[in-house]
Structure formats: C-alpha cells, structure tokens
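With the model open in your viewer, please follow the stops below in order, making each selection before reading on.

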Amino acid sequence: MALNGVLRPGFVQVRVLDMAEAIVHYRDRIGLTLVSTESDGRVYMKAYDEFDRHSIVLRECDEAGLDLMAFKVCSEASLDDFATKLAAGGYEVTTVAAGEQPGVGRRISFMAPTGHRFDLYAEIELSDNGPMTNNPDVSQLDPQGMKAIRFDHCLLYGGDIDGTKKVFEEILGFSISEMVVDDDTGMIIALFLTCSNKAHDLALVRHEEDGKLHHVSFLVEDWSSIGAAADIITRYDVSRDIGPTRHGITRGMTIYFFDPSGNRNEVFAGGYHYYPDNPLRVWKASSVGKAIFYYERELNDRFMTVVT
Amino acid sequence: MGKAAFRVSVEGSDKVITCLADETLLKAMARQGISNIPVGCRNGGCGVCKIRVTKGEYETGKMSIKHVTQVERDDGYALACKAFPKSDLTVTVKNEE
Ligand code: FES
Ligand SMILES: [Fe+2]
C-alpha cells in the first residue's frame, strides 16, 4: 500500500468552558454522535462516516483551546519507529498508556516547536456506528445537523513554524502542499501540510504566541452542505466568523464559526487532491487575501488574530 | 422590546450602547451597528473583547481564565461578550491589540 507511516488526523482533544453547551454544539449543530461520557468528565464524539471509535474529545476547563491533536499511524511497529526517530531528533517523547482514552491503544506524545502537543497511535477500537461494510448504505445513522462526514484537519498558530515544519516533514513524512511567504524575505507565514492525498491534514500560521488553536475542521459533502450549515448557524444563533466562501489555498469551500467556548470550527467541502510529486504552490503575502478568502480577496482582522 | 434597557458608555467613544436586560454588552453593541469594542469569538474564549467596568453593576457568564484572571475579575475586568449589564455602565476597552 502506498500510504504508510502517518495515515491521517485521528482525534483532537479540545477544552470547553461549559460541557452542556459544548455537547449541544458539537452533537446537534455540527452533527456528531456522542459516543461516551467518562468518569473524568471527558466527552467522546465521532462523525457518522468515521470507522474509529471517536475523533473529538471535549474536556471541560476554565480555559478554551487545544489539549492535543493526535494522528493515527499504520502499525505498532511504525509507532516504535517514530518514537525512535523523534528521540533521535532531540524531542522528548513520552508514552501515554493504552486506555487513557477509552478504546485507544498506546500513544506516543511530543511537543512541537510551536508549543502544540501531538500524539501518535496505531490502535483504536472500531465504532459500532461506523460506515457499513456489508452491502453498505451511504450511512448507518442518519446524518444530523451540518452532517459532518469526518474530523478533517486543524489550523494551529505558533511561533516557530519552521521548527514544526521540520519535524513533520523530516520525521513524520508529511509533505508541504502549499505555503504563504513574505514577498521580500521569503519567510514562511503559513504552511499547509499533508500526510495523505488531501490538500492538507494540518496547517500552521506564524503567530507571536505558541500553542494556539485557530480551528478544528470537519468535512461536509458539497457546496450546498455549506449553505445548509450557514442556515443552521443563523437559525441557532451560532457565532459566525466568515463564509460561506472559498479558499484560494486548497480551493476548499468553507464556513467558519465558533463553538460556545470560542474555539473556531470550520465545515468545508471540496479542494484538490494532492500527490507527493505535485510541485509546491506558493502565495506571496501581498496576495494573501485571495489565498485565504478567494471571493472577498481580503482578510478580516478577526480571522487573522482571534485564536484560543 | 420594552424590557429594562441600560446605557453603556465606552471611554473614548461618543456612541452609547443600549443594552437589554438579558443581552450581553457585545451583542447589544453589534446589534446597533456600533464597533467601539473589538469583536472576536463572541463566546468568552479569545479575550479580544476584554473590558474593565469602571462604573455600574453587571453579571458575567463563563469566561476563559487565561484572559480574565480571578484577580482581574475582582477588579472589574470582564469579557464584553459574557457581560450582562445590570445597571448603566461605564467601561474601558482593555484589549491591547
Ligand atoms: S469575543 Fe472572544 S472572548 Fe469575547
Ligand atoms: Fe481549515
């Protein structure tokens, strides 16, 4: 099989100020299924088209933001291999015991230079409510709310994006699909990384503060799903950031909004497919408006500066 | 509407925000097309709408402790998106950006 090593974004653990409100948002608005609530208070959710047990973990806290993003790798051997390479690269690698999250096997964990915690794992239980495999219908459970298909990617903000680029490219085997650079110095301002056939699995933006979350994104079916999501956002008075619109980068169609704790979410559709032999696509900062919002052709302040 | 309405003055701005009894300061501001307090997530997480209330009574919903510490809360700091005026207020914008 061609896709090896890191397979895909697996799950995120997000901090929320109020669990009851968060559940309404992620379950009833975005349309995730509530998988379980555990004794430590964490709530586990998944999208209807995901095979694995969960992809979104909510933890109640007096501060919003991201605890960690985890990627699924292809095997336990691959996990060991990454642990060795990360350690050799000077990263402090810790092990998270199997079962720290229900159904999830052993994880390895490291802090990236941008101050974000990333975990890797190879094993997670399959969901009972995943996509069907025997004469499969398009869905087993009826999609709800915005009909999120899967947790897709995160955009994270931090200082040393060159450092995080290095670990993802050189150790974890990611490729850069696209980036935004300063016109004069060539300094990377934004970076789109993929471990797969998708235009991005992780994005990074240079920012003065480390460890910040810009958004957690979910895939939806098509352009009309973005419109339907916009209807839900207005109908239920969800805090909207921008959209429906389209990105120049990745070419995805999108709408951004905030969860009840101020963490930004996105639902998006479309975008190109990436292959490792594709040339790098580069945007100059002077064209960044079009790169980010293809229709507006200008950035809004909120999109650039508001993070949790 | 007819509900109790409070008047909120923002220091350095001549636009007065009229706030209904169950409405956050930030929501009232936006509804009236005023923009003298910065708008971010609108949900207490990002800290962009940070203010200090220098006069008047208010209540708050859940706010990220990272942006308004307990000490600051006791000192009148709040997030406008989570502040419910309970009287006429005078506030100062505290966002550093
Ligand atoms: S707008 Fe984000 S905390 Fe008020
Ligand atoms: Fe995105």
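Bear in mind throughout that the model is predicted.

Next, select helix H1 of chain A itself, residues 19–29, and show its side chains; the buried ones are A:Met19, A:Ala22, A:Ile23, A:His25, A:Tyr26 and A:Arg29. As background for reading such a list, an α-helix has 3.6 residues a turn, so residues three or four places apart point the same way.

Then move to the N-terminal end of H1(A) and select A:Asp18, which caps that end, with a side-chain oxygen lying 3.1 Å from the backbone nitrogen of A:Ala20.

Now display chain B alongside chain A and select what lies between them: 21 residues of chain A are in contact with 17 residues of chain B. The two chains bury about 1,400 Å² between them, and 46% of this area is on carbon and sulfur atoms. On the side of chain A, pick out A:Leu17, A:Asp62 and A:Arg302, which lose the most area to chain B and together account for 28% of what that side buries.

How many salt bridges are there between chain A and chain B? The count is three. To see a salt bridge, select B:Lys27 and A:Asp237, whose closest N and O atoms are 2.4 Å apart. Ten residue pairs are in polar contact between chain A and chain B, counting pairs with both residues at pLDDT 80 or more. Finally, colour by class the side of chain A that touches chain B, where you will find six nonpolar, five polar and ten charged residues.

Methods: Residues are numbered from 1 along each chain as its sequence is written. Chains are lettered from A and ligands numbered from 1 in the order in which they are written. This is a predicted model: local features need pLDDT of at least 70, side-chain atom pairs count only at pLDDT 80 or more; totals for chains, interfaces and linings use all residues. Side-chain values use heavy atoms; hydrogens and water are left out. Buried means under 20% relative accessible area, exposed over 50%, partly exposed in between (1.4 Å probe, protein chains only). Helices (H or I, at least four residues) and strands (E, at least two) are DSSP runs, numbered from the N terminus. A polar contact is a pair of N or O atoms within 3.5 Å; within protein, one must be able to donate a hydrogen and the other to accept it, and residues adjacent in sequence count only if both atoms are side-chain atoms. Contact means heavy atoms within 4.5 Å. Buried area is the accessible area (1.4 Å probe) that two parts lose on being put together, summed over both. A salt bridge is a side-chain nitrogen of Lys or Arg within 4 Å of a carboxyl oxygen of Asp or Glu. Ala, Val, Leu, Ile, Met, Phe, Trp, Tyr, Cys and Pro count as nonpolar, Asp, Glu, Lys and Arg as charged, and the others, Gly among them, as polar.
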